[in-house]
Amino acid sequence: QEEKIAGRAVLIAGQPGTGKTAIAMGMAKALGEDTPFTMLAGSEIFSLEMSKTEALTQAFRRSIGVRIREEAEIIEGEVVEIEIERPTSGQVATFGKMTLKTTEMETMYDLGQKMIETIQKESISAGDIITIDKSSGKISLLGRSFARSRDYDAMGPQTRFVQCPEGELQKRKEVVHTVNLHEIDVINSRQQGFLALFAGDTGEIKGEVREQIDAKVAEWREEGKADIVP
């Protein structure tokens, strides 16, 4: 509320099984879906191959989210048809085609292996409204077209219906994504930083790096490009 990175801490004490963690998780959820929640046991601090101060600092920075807004070129439309070439040898499909439409146009696009994997994982089918990030190829499912609201297979309890997009398929749109300060630290601390996020072995991060990150995040906030979460 005061728009400061650091705030007051709340200590919840009690016997095991009395709901301390549940209360903390509930507080984080009440603050919003993007609010980071970090669990750290005392034994973990002693088992990590880094100083205790560094372990706690990383935990604190995992708990501070940064909601970043930026413009990106995307493709947004309703899925008309998906054709995936399935190898007879049982290997993973690596090529396919997908037809998308808006209220004004219709176009066919080629699909690569990662896009096919996303389509299969998200069970994307004709009638779904999706976006494709042109720079990364990431596919996001927005919902089901209102035109398919009478389809029996589209009437699940969690089904979200949206309008078919208007205008051009390709457009510039503000994209909002949330990361935490520790993730930004890791990515900027070393060349293999992005891979280190997946490996979990981030090592100790220099104080100068964190100072630079804090300054950059403060700059983004002043420019209206980012907010601190919560």
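A crossing of two helices is called right-handed if the near helix is turned clockwise from the far one by less than a right angle, and left-handed if the turn is anticlockwise. In this predicted model, the crossing of α5 and α7 is right-handed, whereas α3 passes α7 in a left-handed crossing.

Two packed helices are described by the angle between their axes and the distance between the axes. For α5 and α7, the axes come within 10 Å and cross at roughly 120 degrees. On the α5 side the contact is made by L181, I184, D185, N188 and S189, and on the α7 side by V209, R210, I213, D214 and V217. Sorted by class, the residues of this contact divide into five nonpolar, two polar and three charged.

Helix α3, which spans residues 52-62, packs against helix α7, residues 207-222, at an angle of about 15 degrees, and the two axes are 13 Å apart. Since an angle under 35 degrees counts as roughly parallel, α3 is roughly parallel to α7. The residues that make this contact are E54, T57, Q58 and R61 of α3, together with R210, I213 and D214 of α7. By class, the contact of α3 with α7 has one nonpolar, two polar and four charged residues.

The remaining pairing is that of α3 with helix α5 (residues 181-189), whose axes come within 6 Å and cross at roughly 115 degrees. Here Q58, R61 and R62 of α3 meet L181, H182 and D185 of α5, and the contact has one nonpolar, two polar and three charged residues.

T99 is placed in strand β2, residues 95-101, and T99 counts as buried because its relative accessible area is 7%. Not counting residues up to four places away in sequence, T99 touches E78, V79, V80 and E81, as well as E106, T107 and M108.

S123 provides a contrast, being exposed at a relative accessible area of 56%. S123 is located in the loop between α4 (113-121) and β4 (128-133), and its phi is positive, about 55 degrees, although S123 is not a glycine.

The last feature concerns aromatic side chains. A pair of aromatic rings is described by the distance of the centres and the angle of the planes. The count comes to one aromatic pair, in which the rings of F146 and F161 have their centres 6.1 Å apart and their planes at 25 degrees, so the pair is stacked. The pair links distant parts of the chain, with F146 in the loop between β5 (139-145) and β6 (161-162) and F161 in strand β6, 15 residues apart. F146 is partly exposed at 40% relative accessibility, and F161 is partly exposed at 23%.

How values were computed. Residues are numbered from 1 along each chain as its sequence is written. This is a predicted model: local features need pLDDT of at least 70, side-chain atom pairs count only at pLDDT 80 or more; totals for chains, interfaces and linings use all residues. Side-chain values use heavy atoms; hydrogens and water are left out. Axes are lines fitted to C-alpha atoms, for helices over the stretch in contact, and angles run from 0 to 180 degrees between N-to-C directions. Helices (H or I, at least four residues) and strands (E, at least two) are DSSP runs, numbered from the N terminus. Angles under 35 degrees count as roughly parallel, over 145 as roughly antiparallel, 65 to 115 as roughly perpendicular and the rest as oblique. Contact means heavy atoms within 4.5 Å. Ala, Val, Leu, Ile, Met, Phe, Trp, Tyr, Cys and Pro count as nonpolar, Asp, Glu, Lys and Arg as charged, and the others, Gly among them, as polar. Buried means under 20% relative accessible area, exposed over 50%, partly exposed in between (1.4 Å probe, protein chains only). Rings of Phe, Tyr and Trp (its six-membered ring) pair if their centres lie within 6.5 Å; planes under 30 degrees apart count as stacked, over 60 as edge-to-face and the rest as tilted.
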